[in-house]
Amino acid sequence: MATQTLLKGETTARRTTVFMKVLMASTGALFVFYVLMHMYGNLKIFAGAKAFDEYAEHLREMLVPILPYSGFLWLFRVLLVVALLVHAYAAFTLWSRANSARPQRYAVKSAAKGAARSKMMRWGGITLLTWLIFHLVQFTIAKVNFNGAFSAEALKIDGHASTGMLVVASFKLWWVVLIYLIALVALGMHLFHGVWSGAQTLGWTNSARSRKLAHTVAHLVAAVVVIGFAVPPLAILAGLVTGK
Ligand code: HEM
């Protein structure tokens with residue numbers, strides 16, 4: 001009877017672990033999609049601050065008049081926040097489960113490797129979250145200009161405050177670029193391991209060939225995102241993008 005209860009408990013625990021991993025993989029896939037779209041949008045800065053603003057404006061006009069102005073954007077924001085909460089909750093649950101698991105059940109070497117990886121994902125995730133709060137305050141919530149060389153007037157286009165100009169002014173400061181580059185390294189590592197573990201969860205790494213493919217895709221996604229996001233700030237710092 002006691003053995004049966006134990007086995008039942010173990011099966012439920014394993015099911016919960018798989019469910020949490022599926023939750024992480026599906027919300028992670030949504031983030032990969034969002035990040036790729038955002039990265040593409042940011043490249044509009046090469047067409048000037050006005051083109052950048054127009055792109056942001058189009059996002060607000062999406063599905064109008066089916067939805068009100070900014071309606072789609074708000075629905076997507078709510079979806080992202082819910083996905084972020086689910087992603088963090090599943091990560092926390094898996095983390096506390098892994099901590100309470102008996103380490104002698106695994107080979108010492110692979111357990112140490114796995115522990116180092118999950119530690120990196122955890123701290124990388126926390127770093128990213130901290131940076132994301134800074135990022136949202138800087139460009140969305142408060143639109144903070146750290147660059148004293150640009151007056152409020154200089155950040156306007158056709159009499160309106162321009163987010164594109166704020167981006168240009170911000171990345172003329174080396175320390176802002178540095179903060180973003182550090183965040184991008186954390187993002188790249190998080191994406192690489194995230195895509196790889198997601199592929200494992202979904203059973204896409206069962207043969208040597210599919211493992212190799214998943215590894216390549218994980219590297220590719222991380223590289224495209226890091227390079228794609230890093231290019232605009234670096235180009236602005238180098239004086240290649242003037243904005244107006
Ligand atoms: C060099 C890198 C990046 C730049 C220059 C950048 C720039 C911007 C700008 C200008 C906005 C405000 C858009 C607007 O109000 O029209 C924004 C919003 C946002 N960014 Fe980024 N971003 C970068 C990287 C990232 C990354 C890596 C993430 C996610 C991990 C991210 C997530 C967001 C989110 C969630 C918003 C809020 C969008 C909304 O208004 O709902 N950004 N970003």
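Biologist: What does Phe171 touch, not counting residues up to four places away in sequence?

Modeller: Val176, Val177, Pro233, Ile236 and Leu237. Two residues are in contact if their C-beta atoms, placed from the backbone, lie within 7 Å. The model is predicted, so local features need pLDDT of at least 70 and side-chain atom pairs count only at pLDDT 80 or more, while totals for chains, interfaces and linings use all residues. Residues are numbered from 1 along each chain as its sequence is written.

Biologist: Why is helix 5 called mostly covered?

Modeller: Eight of its eight residues are buried. They are Thr163, Gly164, Met165, Leu166, Val167, Val168, Ala169 and Ser170. Over the whole protein, 17% of the 244 residues count as buried.

Biologist: What makes a set of 12 residues the largest nonpolar core?

Modeller: A nonpolar core is a set of buried Ala, Val, Leu, Ile, Met, Phe, Trp, Tyr and Cys residues joined through C-beta atoms within 7 Å. The largest such set holds Ile45, Ala49, Phe52, Leu155, Met165, Leu166, Val167, Val168, Ala169, Phe171, Ile236 and Val241. Helix 2 (49–60) and helix 5 each give two or more residues to this core, and the largest share, five residues, comes from helix 5. A second, separate core has nine residues, including Leu184, Leu191, Val195 and Phe229.

Biologist: How do you know which residues come nearest to the ligand?

Modeller: A residue is near a molecule if its C-beta atom, placed from the backbone, lies within 6 Å of it. There are 18 residues around the ligand, and Ala56, Arg77, Phe139, Thr140 and Phe229 come nearest. Among the elements giving two or more residues to this shell are helix 1 (2–42), helix 3 (71–100) and helix 7 (208–237). Helix 4 gives the most, with five residues.

Biologist: How many residues of the shell around the ligand are nonpolar, polar and charged?

Modeller: The shell has 12 nonpolar, five polar and one charged residues. Here Ala, Val, Leu, Ile, Met, Phe, Trp, Tyr, Cys and Pro count as nonpolar, Asp, Glu, Lys and Arg as charged, and the others, Gly among them, as polar.

Note on methods
Helices (H or I, at least four residues) and strands (E, at least two) are DSSP runs, numbered from the N terminus. A residue is buried if 20 or more other C-beta atoms lie within 10 Å of its own, exposed if 12 or fewer, and partly exposed in between; C-beta atoms are placed from the backbone.
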